[in-house]
Each structure stands twice: as C-alpha cells, then as structure tokens.
Amino acid sequence: MLRDDRPEEALRDLAAADRELPVRCWHPLAMPARAAVEITAQLRLGRLEHARHLAAEPLPRGSEHGAATAFLRHAEAELALAEDDPGTALHAALECGRVLRSRGWVNPMVAAWRTTASLALRRLGDHGAAAALAAEELALAERWGTAAALEPLRERASAGLRRTVPAPRRPADPLPAPRFPARRPDALSPAERDVAELAARGLANREIARELSIALRTVELRLTKVYRKLGLKGRAALADHWPTRTPGS
C-alpha cells in the first residue's frame, strides 16, 4: 500500500496485523520494520508531529541487530528531510544502505535509500555526489527490471530538487579539499565501499569484519582492491581522501 501511495490503507492493514498479533508479542527483530511502515505512512499523510513521536519511541532490546533496522533508518531519513535536516537524513539513508549492502541486497526496490540520500546531498550543496547516487539508483533499477516501479520515486526526487536552493558558501569559508585522487570511488563495488568507509573512519580490520559480518580475510582482500582502484598507498591515504561527514551526520 505504501508503494502504491495509499498510506491510509497501509495504516489500516497495520492495525489489522496488530489485532492478529498484539505489538507486545512481535519479535524484536521485526519491530523496526513495523515502526518504519507506521512512520512512513504518517509522513505521507502530512502528520509530521505524529511521525516524529513514533520515531522517538524506544524499541525492544535486540531489535537493532536485524536487517529490518535498514527500513527504520530509511524512514528516519525521510522524516529528517521533512524536517529540513539534510545532514541527519544523509546519515540515516547511508546507514540504511550500509545494512542492506552488507547482506548483498542492492535492488533499489528493497529500499530506495539512494534517492533519499541524493535529495539530502542536493540540499547540502553536494550536487556531484547527489548526481552519482541518482545515476547508480537508475542503473540498478534497469538491471533489476524495476525502472517502471521507480518512476514515482524519480518524479518525487525531481520535484524535491526543484524546491532545493543550495545555501551560498560564505566568502570566508576555505575551499573544499579534493574528495578523492584521480580515480574516483565509483570504481568501487558496494561491498568495497562499505569496507573503505569503515577503514577511513579508523576501524581496525577485525572491527570491520565484525561490523559487516564478514571474514577478516575478506576485509583484507577488499581493502587491497580499494587501494589499487583508487591509486592509494594505504589506510592513512584513504582516510585523507575519503569524504568528510557533514556536521550533524
């Protein structure tokens, strides 16, 4: 119902599900997905205050360990965009993508986090990165044969971009440092980007393996490919060239 832009019917279905299985009986790993549906439906109905209240409600212990957290992060990103907080929206959307990609889920119809992140990046003034994510979303949609299903999302993104006016850079601000060396990160696979980002944030290889639920040897091999593809000599160079997180993200 949400995909068909019928939020009222989605909420009725959710209420029916709750009657069949009261919320207190839901498995903790399923609770983030349930919360995501309710938050998104309320946002679609324009009930921002209600969505904000739902997002602030704590979830049961253990709910943070499952794949369903990706859908809650995406709902939080949508909420942050509605509240004109693109930094928080970008962080939440990218976290949604990280969780999904760690499981090999790249079909954009699972969650169109790239579209949401692209909107956030546009509002933050990073038009190049926004365009790259939008292009990746379209390419994946065509690969999976879901381009037609994503048409409403593309229309929404276009409308959002027309409403967005980048904030002017103050004259006193320094020029941004180059984001990457000659070879750009779009040469990396999604799995390689996940490892590279965590390494650039200072995590050790064992910590990366634990975070992504992969073998230590896999981390080592992916980092080797990252350095080669980006023309870097090691972790320090990667940290220097990796995009700096926006304030509040």
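In helix α1 of this predicted model, the buried residues are P7, A10, L11, L14 and D18. Seen down the axis of α1, these buried residues fall within an arc of 95 degrees, so they line one face of the helix.

What do the buried residues of α1 pack against? Their partner is α2, residues 31–44. The face turned away from the buried side carries the exposed residues R12, R19 and E20. The length of α1 can be checked too: at 1.5 Å a residue, its 14 residues (7–20) should span 20 Å, and the end C-alpha atoms are 20 Å apart, which agrees.

Helix α5 (residues 86–102) packs with helix α6 (residues 113–123) at an angle of about 150 degrees, and their axes are 8 Å apart. Angles over 145 degrees count as roughly antiparallel, and α5 and α6 are therefore roughly antiparallel to each other. The crossing of α5 past α6 is left-handed. The table shows which residues make the contact.

| Helix | Residues in the contact |
|---|---|
| α5 | P86, A89, L90, A93, L94, C96, G97, L100, R101 |
| α6 | W113, T116, A117, A120, L121, R123 |

Finally, visit the loop between α4 (69–82) and α5, where D84 is found. Is D84 buried or exposed? With 58% relative accessibility, D84 counts as exposed, because the cut-off for exposed is over 50%. The phi of D84 is near 60 degrees, a positive value in a residue other than glycine. Most residues other than glycine have a negative phi.

Methods
Residues are numbered from 1 along each chain as its sequence is written. This is a predicted model: local features need pLDDT of at least 70, side-chain atom pairs count only at pLDDT 80 or more; totals for chains, interfaces and linings use all residues. Side-chain values use heavy atoms; hydrogens and water are left out. Helices (H or I, at least four residues) and strands (E, at least two) are DSSP runs, numbered from the N terminus. The expected span of a helix is 1.5 Å times one less than its number of residues. Buried means under 20% relative accessible area, exposed over 50%, partly exposed in between (1.4 Å probe, protein chains only). The arc is that of the directions from the helix axis to the C-beta atoms. Contact means heavy atoms within 4.5 Å. Axes are lines fitted to C-alpha atoms, for helices over the stretch in contact, and angles run from 0 to 180 degrees between N-to-C directions. Angles under 35 degrees count as roughly parallel, over 145 as roughly antiparallel, 65 to 115 as roughly perpendicular and the rest as oblique. A crossing is left-handed if the near helix is turned anticlockwise from the far one by less than a right angle, and right-handed if clockwise.
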